[in-house]
Amino acid sequence: MPTTHSKAIDIVKRSGKRPTEPFNADKLHASIQASCLSVRSPDGEAHGIALAVTDAVIVWLETKPEVTSHDIRRIASHHLKKFHPEAAYLYEQHKHII
Amino acid sequence: MTLTSSIAIIFLAALIHASFQLSVSVLTLMSGHSIGKRTAHAKLLRMVFGFILGVAIMTMLLVSFSATIVTHVFDAKIPMVLWAMTCGVLVGVGVSVWRFYYRPGKGTTLWIPRDMAKFLNDRSKSTKQSSEAFGLGLSTLFAELLFIGAPIVLTSLVLVQLSPTWQLGGILIYTAVSSLPLLIVGALIGSGHKLSHIQRWRESNKHFLQFAAGSGLLVLGVYVYIDQVISTTVTAIVGGL
């Protein structure tokens, strides 16, 4: 599981219509892992990459009081690209397929 | 209209239908979610098959329904004004496809109502059974009715003038050809290809597919207009002299 961070950070949702929600590292981990699995990465590799990316996002979040879900996706995608470009591509495309 | 030209029109209309991308997008998304959730390969294949079957059956139903309405109203004697209107719609939709089919920006986001896109997005995420995938396939066609409506109506106008055997054949040809991209993508997913490769190909060729679909609609509209409206009018004038 990803490193737990102590500071509560609010995530402003993409459309602005839904209420803000606290940052959930497990949720981010699960979405990164799903992207890796979608491009046929082995389970262990997907878990490891998701862990590393989630930790990197948590470090980035340390100085931010409030961020948008779009920011989280952008930063996660930036870090994911270093580990698995194909998964990063699919992660970025997720909202732009339909 | 000869049998050959009727079948050729149905074939071209089905090819144009095949170049529309919503059902391929939904299939890609649904497969992505399923693979991401570690769905067993056999189950994934059943879901992909269920989705394609849903799209194919809805295509058959839409063509048959349209042909039934045309037969009921016009009894296979299509008035020239209906041919002219259909050609006008084909040209109009063709120009719209050139201009509007994809939303600007990256990805393959289509110009369909955003609520409908969100519904399909959510449904493709929550689909876990092949029966749900079948239902998703059925509903996907409705979201794209704005674009596929014109080739379907034209096909039904052509179909009602054929013999019953060829009507059935025409419906099957239309369904098979329009489902080809789904069958290809389904086969690629089934054989273990990465979804990112499929999506990358779709993204890099989206403008070509958009141009091909729009041009196809224009060509079909102009051809049918010449064949059914102008030539009939000229023949009537020459015959009256």
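In which loop of chain A does A:Arg40 lie? In this predicted model, whose local features need pLDDT of at least 70, whose side-chain atom pairs count only at pLDDT 80 or more, and whose totals for chains, interfaces and linings use all residues, A:Arg40 lies in the loop between helix 1 and helix 2 of chain A. Residues are numbered from 1 along each chain as its sequence is written, while chains are lettered from A and ligands numbered from 1 in the order in which they are written. Helices (H or I, at least four residues) and strands (E, at least two) are taken as DSSP runs and numbered from the N terminus.

Most residues other than glycine have a negative phi. With 15 C-beta neighbours inside 10 Å, A:Arg40 counts as partly exposed; here a residue is called buried if 20 or more other C-beta atoms lie within 10 Å of its own, exposed if 12 or fewer, and partly exposed in between, with C-beta atoms placed from the backbone. In chain B, B:Arg38 likewise is not a glycine and has a positive phi, of about 60°. B:Arg38 is placed in the loop between helix 2 and helix 3 of chain B, and it counts as exposed, with 11 C-beta neighbours inside 10 Å.

Chain A contains four helices and three strands, which along the sequence follow the pattern β-β-α-α-β-α-α. Of its 98 residues, 36% count as buried. Among contacts in chain A between residues at least 6 apart in sequence, 57% join residues at least 24 apart, where two residues are in contact if their C-beta atoms, placed from the backbone, lie within 7 Å.

Helix 1 of chain A has 14 residues and should span 20 Å at 1.5 Å a residue, which agrees with the 20 Å between its end C-alpha atoms; the expected span is 1.5 Å times one less than the number of residues. The buried residues of this helix include A:Leu28, A:His29, A:Ile32 and A:Gln33. The cover over the buried residues of helix 1 includes elements of both chains, namely helix 2 (43-61), helix 3 (69-83) and helix 4 of chain A, together with helix 2 (22-36) and helix 10 (195-204) of chain B.

The contact between the chains takes 13 residues from chain A and 23 residues from chain B. On the side of chain A that touches chain B, the elements that give two or more residues are helix 1 (25-38) and helix 4 (85-93) of chain A. By class, that side has seven nonpolar, four polar and two charged residues, where Ala, Val, Leu, Ile, Met, Phe, Trp, Tyr, Cys and Pro count as nonpolar, Asp, Glu, Lys and Arg as charged, and the others, Gly among them, as polar.

Chain B is made up of 11 helices and zero strands. The radius of gyration of chain B is 19 Å, close to the 18 Å that the globule rule gives for 241 residues, so chain B is as compact as a globular protein of that length; the radius is taken over C-alpha atoms, and the rule is 2.2 Å times the number of residues to the power 0.38. Buried residues make up 39% of the 241 residues in chain B. Among contacts in chain B between residues at least 6 apart in sequence, 87% join residues at least 24 apart.

Within chain B, the axes of helix 3 (residues 41-74) and helix 9 (residues 180-190) come within 10 Å and cross at roughly 175°, the axes being lines fitted to C-alpha atoms, for helices over the stretch in contact, with angles from 0 to 180 degrees between N-to-C directions. Helix 3 and helix 9 of chain B are therefore roughly antiparallel to each other, since angles under 35 degrees count as roughly parallel, over 145 as roughly antiparallel, 65 to 115 as roughly perpendicular and the rest as oblique. Their contact is made by B:Leu45, B:Val48, B:Ile52 and B:Val55 of helix 3 and by B:Leu182, B:Leu183, B:Gly186, B:Ile189 and B:Gly190 of helix 9. By class, this contact has seven nonpolar, two polar and no charged residues.

The residue B:Lys77 is found in the loop between helix 3 and helix 4 (80-100) of chain B and counts as exposed, with 7 C-beta neighbours inside 10 Å.
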